[in-house]
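Here are my notes on the model you sent over. Have the structure open while you go through them.

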Amino acid sequence: MNESLITLLDTTAHPYGFRFDWLNRLSDGLAKTAKTVPKITITTTDVHNAMECPGLWEATKNSNATTRRTAYGGRQATLTRQLARRWIQATLKSPVRPFIYVEAQLKDFSWMNPEQAQWISQQQFEERIETVSEISTVLSRIEKDIECEDFKLSAATGMRQTQIEIGNLTLISDDVDLCVGTHEIEGEGAWAKTVLLSFVSDRPTKNDLEKLGFSAAMHAITTGCPPARVIAYGLFDGLSRHIDVDADWIGLQIGSIMATAKTISRIRNGEEPAYTPGECCERCPMNTSCEASGHGWSPF
Ligand code: SF4
């Protein structure tokens with residue numbers, strides 16, 4: 001976790017090549033699966049939950065427990081991430097200082113959801129200044145870490161395509177905040193050059209990187225080449241974790257989407273989900289009623 005972000009965003013020294021026919025075979029496999037299932041929308045969270053425990057996927061869907069508070073505080077973390085994404089987009093077009101940007105954005109409620117608009121509009125002057133300072137401090141660190149001036153020519157904000165339809169499957173990704181670089185086509189394949197970066201609220205974990213696998217797979221399918229690297233960047237501590245993408249990892253991610261589609265289809269058809277207890281039981285809405293739960297187990 002010690003490499004600087006600007007080093008990680010640079011893929012010139014790490015060329016990874018992928019053949020088009022290899023990726024086409026994976027895409028064909030996904031398209032075949034998409035024909036055998038009913039209409040299903042799949043997100044990063046669906047894949048993550050279904051692969052950990054199909055019972056968790058069902059329990060989470062039933063409880064609508066889709067949001068978790070973070071150590072920093074859920075609503076401010078969400079707002080900071082949204083503003084980081086918006087600020088990068090704005091500053092790549094025309095540089096704007098973080099404090100000025102955040103202060104102006106928090107006076108404009110049109111882009112916020114109703115809950116955020118209510119929260120911010122009810123803040124007293126001192127609270128507002130505190131919020132502006134805290135968020136702009138995070139943005140200033142990002143500005144320093146990614147050296148915006150240097151990479152802006154090849155940068156785009158967010159995934160280039162956040163929703164794709166493949167037969168009966170709709171895949172939706174919302175966890176990539178920055179997409180830098182473009183692959184280079186050569187002969188029957190392409191050199192991967194793109195970096196997908198996700199801002200996370202807590203210290204970045206292995207789990208955060210694994211979750212980016214879904215977006216990496218979508219990126220591969222939509223552009224014809226996997227990203228070279230995925231990075232999870234901690235908004236509040238500035239630490240990064242990354243994976244240099246290889247063929248096995250992308251194959252695993254596309255396989256996980258297929259497996260998730262089949263799992264969801266079986267559950268929707270009335271089959272009882274399989275239960276695969278583990279650490280996931282800690283965050284499962286069913287952890288006190290599920291007989292398979294490993295929650296609270298302790299080693300002998
Ligand atoms: S409690 Fe554990 S085993 Fe049971 S459904 Fe939830 S995650 Fe699966």
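1. Start with residues 65–72, where pLDDT stays under 50. The model still gives that stretch twelve contacts beyond four places in sequence. Keep in mind that the whole thing is a predicted model.

2. Across the protein, the confidence picture is as follows: pLDDT averages 88, and 89% of the residues score at least 70.

3. On the overall make-up, I get eleven helices and eleven strands. The protein has 300 residues, and 36% of them are buried. As for contacts between residues at least 6 apart in sequence, 70% link residues at least 24 apart.

4. Have a look at the ligand next. It has 14 residues around it, with C53, G55, C281, C284 and C290 the closest. By class, that shell holds eleven nonpolar residues and three polar ones, with no charged residue.

5. Sorted by class, the α2–α11 contact has eight nonpolar residues, three polar and one charged.

Conventions:
Residues are numbered from 1 along each chain as its sequence is written. This is a predicted model: local features need pLDDT of at least 70, side-chain atom pairs count only at pLDDT 80 or more; totals for chains, interfaces and linings use all residues. Ala, Val, Leu, Ile, Met, Phe, Trp, Tyr, Cys and Pro count as nonpolar, Asp, Glu, Lys and Arg as charged, and the others, Gly among them, as polar. A residue is near a molecule or strand if its C-beta atom, placed from the backbone, lies within 6 Å of it. pLDDT is the predictor's confidence in each residue, from 0 to 100. Two residues are in contact if their C-beta atoms, placed from the backbone, lie within 7 Å. Helices (H or I, at least four residues) and strands (E, at least two) are DSSP runs, numbered from the N terminus. A residue is buried if 20 or more other C-beta atoms lie within 10 Å of its own, exposed if 12 or fewer, and partly exposed in between; C-beta atoms are placed from the backbone.
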